[in-house]
Amino acid sequence: MKADPRGVLTGVYYIDGDVAAGYGALAAGCKFVAGYPITPSTEAFEAICHRGPQVGAVFIQMEDELGSISAIIGATWSGVKTMTITSGPGYSLMQECIGFGAMLETPFVLLNIQRGGPSTGVPTKTGQADMMQSRWGSHGDYELIAIAPESPQEMFDYTIKAFNLAEKYRCPIMIMSDECVGHMTEKVVIPEADKIEVEPRRLYTGPAEDYLPFKPEPDLVPKMAKAGDGLKLYITGQTHDERGYPVKDAEYKSKYGRRLVDKIRLNKDKIIELKEEGTDNADVIVVSYGISSRVAIKGVELAREKGIKVGTLRLVTVWPFPDEKMSELAKKAKAFVVPEINYGQVVYDVARCAHGRANVVLVPHGGAGVHNPNDIADAIEMAAKEDKKIEGLIEFKTRLEKSVFEGGFKLKE
Amino acid sequence: MKADKAGVLTGSHVLNGNQACAEGALAAGCRFLGLYPIVPSIEVSERFLARAPEVGATFIQMEDEISALAAVLGASWTGKKSMTVTSGPGLSLMMEHLGLGIMLETPCVIADIQSVGPGLGLPTHAAQGDMMQARWGSHGDYEIVALAPSSPQEMFDFTIKAFNFSERYRIPVAIMSDAYVAQLEETVVIPPADQINIETRRYYEGAKDSYLPFKRDKDFVPPMVDIGQGYRFHVTGLTHDDRGYPIMFEECQEYNVHPLMWKVRNAVDKIVEVQETNTDDAEVVVISYGATSRAVLKAIKQARESGIKAGGLKLVTVWPFPEKRVTELAKKAKAIVVPEMNFGQIVLEVERNGYGEANIFFLPHGDKGAEYSEDILAAIKRASQTSEAKSGIIEIS
Amino acid sequence: MMETPKTDEKQEIHPMENLLRMDRMPHIWCPTCGIGLAVTAFTAALEKANIDPNTVSIVSGIGCTGRVAGYVKLDSFHTTHGRPIAFATGIKVASPKTKVVVFSGDGDLMAIGGNHFIHAARRNIDMLVVCVNNFIYAMTGGQVAPTTPLAAYATTSPYGCVEPPFNIPYLAESSGAVYVARWTTLHIRRLTNSLTEALQKTGFSVVEAISPCGMYYSRINRLGDGLDMMRFYHDNVEIRHGEDTKNLDIGFQTKIICGKFVDRERPSYNERYNQWLSEVKTAGRHSKGQKGSKK
Amino acid sequence: MNSIIDALDKGIEMAGIARKRISVPSDIPFDPDAVKTLGVDYFQIPRGRAIAFGTGLKLGNPDLKVIPVAGDLMTLGGNHFVHGSRRNMELLVICVNNFVYKNIGGKPAPFTQAVFSPYSTFEEPFNFPHLGNSCGAVYTARWTALHAEELAASIAEALNKRGLSMIEVLAPGPNYYRSIDGIESELLQFYFNNSVVKNNEDPRNVAITPDEKIAVGKFTDKERPTFIDSYNVQHSKMLGDKFTPHGSPPKVEKLGGKNG
């Protein structure tokens, strides 16, 4: 299906990533946005407050993030496409309802503009430390999809993609962006509406009596319904059967709860999007995502100048994780270098899939800034020189760490 | 230091896991409980409340889990050891304040009685689906200590351990129990107070005007003070310097947050604890924790009887993960079996630390909850019979 | 009570130096902001009420006013968004002798923290809540707040606010607060007096301090700078002590009623708790819990 | 089927609203059969989020009539309640009050040894009608679960109000947040016997105190623009033709059968 031209602001713009995501949502047909102001994501919500009423989308600023996410799940069940926008602390508050959304197989998009953490941390500066949280943050077993854009243009494009994936797999989609991308102003091209593919909701159309809200189609995704159609929906966040009725026995957990994870795991190949360059004969492969992948470009260049064979693998979708691809690469390459703006998160999954065949080097960064490309280049060089197999993560000591802890560094008053 | 007699109910009692947890907390010197009732953790609060008047402990039932943990953090700064107790949905709500606890380096204990999730799940059925959440559920980087008891006795013992870790490293510590252990009634032996070792809070003892709330010692743990002593300190959830004043640039972020990792990562050898059964000559090692390790013991015994060299590794501390020991075992054994009451969480850590040295079999949540020793036995048999090396996790349906 | 700081005679000393963290000055607040005035009133009240500052804990949330804890030289906690009351509840219940003050903004206390506000009022936790109301989320750049008057502009209400604002005194009274007053930061002496009274009161006391926000609220709504707002307060504030709280709605640039509205007695949480404690101790109810019984 | 669901059934019938237009988000588990009989769409949502979830339902599809049934004494959801009232979101909130009061009308209640009383017994609960009224709810009422007729009539009346209506239903039970099936009938009967109808009483005076009988009845009935009204008016004013008002104007429906 093509996008509704009403929501598509065709043209060439010079806007920041937050605004681009807001425009992307409206282009994808999002009709309801509930948000709560939190730096650095507020611009995206503001863009929707400004444009939304002109294109038939409703917005509401709820009393807190718990309210925002509950409201968008409610609105999704009333039949519209929805999104909420937040950052670290708000994301933590939303965790209960993310699991709830996954349990109800509710399609919605959550835009998380990551900032420095933990706790209040550094609200105005960047971080990538919510990546594992997006995978594991809610209690119980569930799987969802997380996308990490690296530019304002991608913020626009991948927001649309996120809406499409949400509808396709009936699950919450996380756009795990960060402050750098969110506040980065670049050229964004918004195409004509008929060039934008939009996934319509998989609505049930059969007779009302026969509707089973959780009866899977062959791809394990059930058809969706909406309130007000006389289907007498019984939807519960408890473990439920195909009718949606709560079940009391543990056996149903394996019977019905299982599908929640399987519908993503078994459709993995269709979901995963990677950008790979020069990995075929590389000694060292730089695995990165989001803003770190842009910073890594320079680091890779520097390393290549030194004659090191470096390949890059960019995780556009971070979750589900490309296990098989990573294992395959581990057989070919000597080492993986993983720069991320945290003290080790996605790198654990890289190490897991390496199965001891390749060394794994983490280039950490605590947040509030991005990597120094020289650190990445040095890490690549170090990894290329190392011929032994080393167990455990190798944590690269960055220039920042050395200057803070070893260089007699004094914090300014 | 030894435990305060007032909280120790010395003797042998028949208690369920929840009640044992409350007794453990009181014995450890916990004097404040911030709670919000949620099945299946209610008996912890009930027991604590019933015993509070005679022990001299306080409690408050807050309006939700968010405020329950917030109150616990506040209470901890008054000098009282504090805890809260919850289950999955509540733990999800607590995630923001877990981060605050990390950032303010506030000792406290969170007991999570896991039930089936996600969403509302099956509130009365046991599961182990929050294991990764404890480690990764709050935004930003942090390290946590999480203990997984498998019996009421361990609920008692590990709760004391949890308080000791939290005081030692100034971090929130999670007790990751489950509905099965929580409801299980067994004999719990509570030793006399003078046989219980208690870690006291590490107080600052210098001059009042030179107190820096986040000045770290060699272990990266800053000494603490209580409120109302005239220190008039400031602490903030923002990235801060030694004085506790917010400074928001990248050097300070590094200065503030990296040591939060180090204080746990560097102490891994002191924190990590495992219990091993027949691992010396084992060809198949079963790695488990919490309620599942009960069924594992039974299965190992049966496997040995049928001639399979099976052994077990029980994780007392799930976080930090006993990486070295798992790698050693992977090198020795032919296969590792990981039964969990979820759809694959800790098995990922086992896979990471196995380095492809052994086949890894994963036995997910079954129909029988925690009592599935037969399935484990079958998995052990299959693992011992698979001779070719396979990469990745082999899931047993 | 308080030590006089030893200083060089030539050096000028801030009169509140022993209650402020001078090493953190200058503060982050914009010129013409009223939060500083509220802090001055609070520190003056603390001296006036004759309370030992060592026994006072101050808890703030997130936002411009949330930074107050960082500038006041008391045991001070800067916590998470919306949760200072919950954090302070923990302090008060665990350490009843501590005087607890929550100093935060309208967005923090009334929006995300609304639940803790009403519940703490219901429980009548003994604390003073100072709510600086500037009608907007200023720290994040001017978003609509639950106190933003109808039709006022904010960045997330670019076409005018569509939600009626909270009447904070009415909400506080209906949920059980024992002391409720409202002043603007122009009424610095009256505000100080109210804060002094509230500090001496046992129970949940709320003082709303309406403050100009020159950077966002006034700018977005073209109301001039802070001084213009002060003039507006001067011309449009009506002082009516004891006014029925339901008449205290604030519209966009309409009359603001200030004064002390509620001053009553209710048993505080700690009093009720202690009463319960003595009851169960005499009744021996606690022995019941020692059985390993299931429900 | 318990009395609250019964009253809902009757109330919807009396209000004459097509059942398919009604959605009931609740943190209290309803029996599937009861929902089938009611003929509405039902959502069991996380504790405390009924009103926030309902807000989304209503804004997503303004034609829906949303009845959040909030259990748990609105502890977790208190914030959504006060903000929903302030916004005047078009919802009918049924607040199930399962507090176990020690004394009513000067007499001790028969069931005070709650296994785990919702609030530790020394706490006081809210005066919900007053709280709702102070935040701007357009309709507040209180009944015990045994006031079947009155409760149903209140529901019917409130369903035709525009704005946030709140009906507090006293339904004490020892089962804290589990099910509204666990109503302790002896205690409920005691509440019923010790209640007195005080329609149009100032909500300020209807707090449940140990010494007085429980005031029940309708306390608030006023008109205020709803959130959607204000949203449409304000945006039409500012944007003119560029803005399409959200939702259709209210229409009166004919009395419908169970399945609309």
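**Entry 1. Basis of the notes**

I am reading a predicted model, in which local features need pLDDT of at least 70 and side-chain atom pairs count only at pLDDT 80 or more, whereas totals for chains, interfaces and linings use all residues. Residues are numbered from 1 along each chain as its sequence is written, and chains are lettered from A and ligands numbered from 1 in the order in which they are written. I noted the scores of the model as ipTM 0.94 and pTM 0.94.

**Entry 2. The sheet of chain A**

I took helices (H or I, at least four residues) and strands (E, at least two) as DSSP runs, numbered from the N terminus. Two strands pair if DSSP finds at least two bridges between them. I then followed E11(A) to strand E13 (residues 310-315) of chain A: the two run antiparallel and are joined by four bridges. Within this pair I located Lys275(A), which stands opposite Arg314(A) in E13(A).

**Entry 3. Chain A as a whole**

I counted 14 helices and 17 strands in chain A. Its C-alpha trace spans about 70 × 50 × 45 Å along the principal axes. The radius of gyration of chain A is 22 Å, which agrees with a compact globule, because 413 residues would give a value near 22 Å. The radius is taken over C-alpha atoms, and the globule rule is 2.2 Å times the number of residues to the power 0.38.

The domain assignment of chain A gives domain 1 (5-195) and domain 2 (272-405); such bounds come from an automatic or database domain assignment. I found 27 Å between the centres of the two domains of chain A, taken over C-alpha atoms. Their contact takes 26 residues from domain 1 of chain A and 21 residues from domain 2 of chain A. Residues are in contact if their C-beta atoms, placed from the backbone, lie within 7 Å. On the side of domain 1 of chain A that touches domain 2 of chain A, H5(A) has the largest share, four residues. By class, I listed this side as 13 nonpolar, eight polar and five charged residues. Ala, Val, Leu, Ile, Met, Phe, Trp, Tyr, Cys and Pro count as nonpolar, Asp, Glu, Lys and Arg as charged, and the others, Gly among them, as polar.

**Entry 4. Chain B**

I noted 13 helices and 17 strands for chain B. The C-alpha atoms of chain B fill a box of roughly 70 × 50 × 40 Å along the principal axes. The domain assignment gives domain 1 (5-195) and domain 2 (274-395) of chain B, with 27 Å between their centres, taken over C-alpha atoms. Of domain 1 of chain B, 22 residues are in contact with 19 residues of domain 2 of chain B. H5(B) gives the most to this side of domain 1 of chain B, with four residues, and the side divides into 14 nonpolar, five polar and three charged residues.

**Entry 5. Contacts between chains**

How many residues does each of chains A and B give to their contact? I recorded 63 residues from chain B and 64 residues from chain A. H4(B) gives the most to the side of chain B that touches chain A, with 11 residues. I listed that side of chain B as 26 nonpolar, 25 polar and 12 charged residues.

For chains A and C, the contact takes 15 residues from chain A and 18 residues from chain C. Helix H2 (residues 42-51) of chain A gives the most to the side of chain A that touches chain C, with five residues.

**Entry 6. Confidence in chain C**

I checked pLDDT, the predictor's confidence in each residue, from 0 to 100. Chain C has a mean pLDDT of 91, and 92% of its residues reach 70 or more. Over residues 285-295 of chain C the pLDDT is below 50, and beyond near neighbours in sequence this stretch has 19 contacts in the model. Where pLDDT is low, the predicted coordinates should not be read in detail.

Notes: Contact = placed C-beta atoms within 7 Å.
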